[in-house]
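Have a look at the picture first, and then we'll walk through what can be read from it.

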Amino acid sequence: MKKEKEIIKERGQIIEVLPGLLFRVKLESGKEALAYLGGKMKRYRIKVLPGENVIVEFTPYDKERGRIVYRLK
């Protein structure tokens with residue numbers, strides 16, 4: 001039987017751009033997290049700038065680090 005992945009998605013806003021494609025994101029819940037660009041965003045070189053709204057995926061094990069999977073308009 002296949003296990004389903006428990007991925008948590010949250011909306012947030014980019015606060016700061018760090019070296020190595022890392023970003024500091026302020027989440028809607030009021031917390032801050034470190035996030036990196038997800039695979040397709042990195043592959044197609046989608047630019048993310050401070051002040052833009054994004055969707056970040058987290059695993060249930062670590063809510064401090066996540067993956068940016070979508071840039072909102």
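## Salt bridges

E52 and R71 join their side chains in a salt bridge, with N and O 4.0 Å apart (the term means a side-chain nitrogen of Lys or Arg within 4 Å of a carboxyl oxygen of Asp or Glu). E52 sits in the loop between α1 (39-43) and β4, while R71 belongs to strand β5 (residues 62-71), so this pair ties together parts that are 19 residues apart in sequence. Helices (H or I, at least four residues) and strands (E, at least two) are DSSP runs here, numbered from the N terminus.

Before going on, a word on what you're looking at. This is a predicted model, where local features need pLDDT of at least 70 and side-chain atom pairs count only at pLDDT 80 or more, while totals for chains, interfaces and linings use all residues. Residues are numbered from 1 along each chain as its sequence is written, and side-chain values use heavy atoms, with hydrogens and water left out.

How many salt bridges does the structure hold? There are four. As a general point, side chains of opposite charge can pair when their charged atoms come close.

Another one pairs K9 with E57, whose closest N and O atoms are 3.9 Å apart. This pair links distant parts of the chain: K9 is in strand β1 (residues 8-18) and E57 in strand β4, 48 residues apart. R24 and E16 make a salt bridge as well, at 3.4 Å from N to O.

How open are these residues to the outside?

| Residue | Relative accessible area | Class |
|---|---|---|
| K9 | 56% | exposed |
| E57 | 13% | buried |
| R24 | 28% | partly exposed |
| E16 | 35% | partly exposed |
| E52 | 22% | partly exposed |
| R71 | 34% | partly exposed |

## The barrel

Now for the strands. Five of them make a closed barrel in the order β1-β2-β3-β5-β4, with mixed pairing. Neighbouring strands of this sheet are turned by 50 degrees against each other on average, direction ignored; axes here are lines fitted to C-alpha atoms, for helices over the stretch in contact, and angles run from 0 to 180 degrees between N-to-C directions. Strands of a sheet pair through backbone hydrogen bonds, either parallel or antiparallel. Two strands count as paired if DSSP finds at least two bridges between them.

β1 and β2 are antiparallel, with six bridges, and I14 has V25 in β2 as its bridge partner. Strand β2 (residues 22-27) and strand β3 (residues 32-37) also run antiparallel, joined by five bridges. Within that pairing, K26 stands opposite E32 in β3. The two strands form a hairpin with four residues between them, and G30 in the turn has a positive phi of about 100 degrees.

The next pairing is parallel: β3 and β5 share four bridges. Here Y36 has R67 in β5 as its bridge partner.

## Inside, and a strand residue

Which residues touch the most other members of the largest nonpolar core? That core has 13 residues, and the answer is I14, F23, V25, V48, V54, V56 and I68. A nonpolar core is a set of buried Ala, Val, Leu, Ile, Met, Phe, Trp, Tyr and Cys residues joined through side-chain atoms within 4.5 Å.

V48 is worth a look of its own. It lies in the loop between α1 and β4 and is buried, with a relative accessible area of 7%. Setting aside neighbours within four places in sequence, V48 is in contact (heavy atoms within 4.5 Å) with I14, V17, F23, L37, M41 and V54. V48 and I14 are 34 residues apart along the chain, yet their C-alpha atoms are separated by 8.0 Å.

Finally, find I55 in strand β4 (residues 53-59). Is I55 buried or partly exposed? Its relative accessible area is 21%, so I55 is partly exposed. Not counting residues up to four places away in sequence, I55 touches K9, E10, R11, R67, I68, V69, Y70 and L72. From I55 to L72 there are 17 residues in sequence and 7.4 Å in space, C-alpha to C-alpha.

Definitions and conventions:
Buried < 20%, exposed > 50% of the residue type's maximum accessible area, 1.4 Å probe, protein only.
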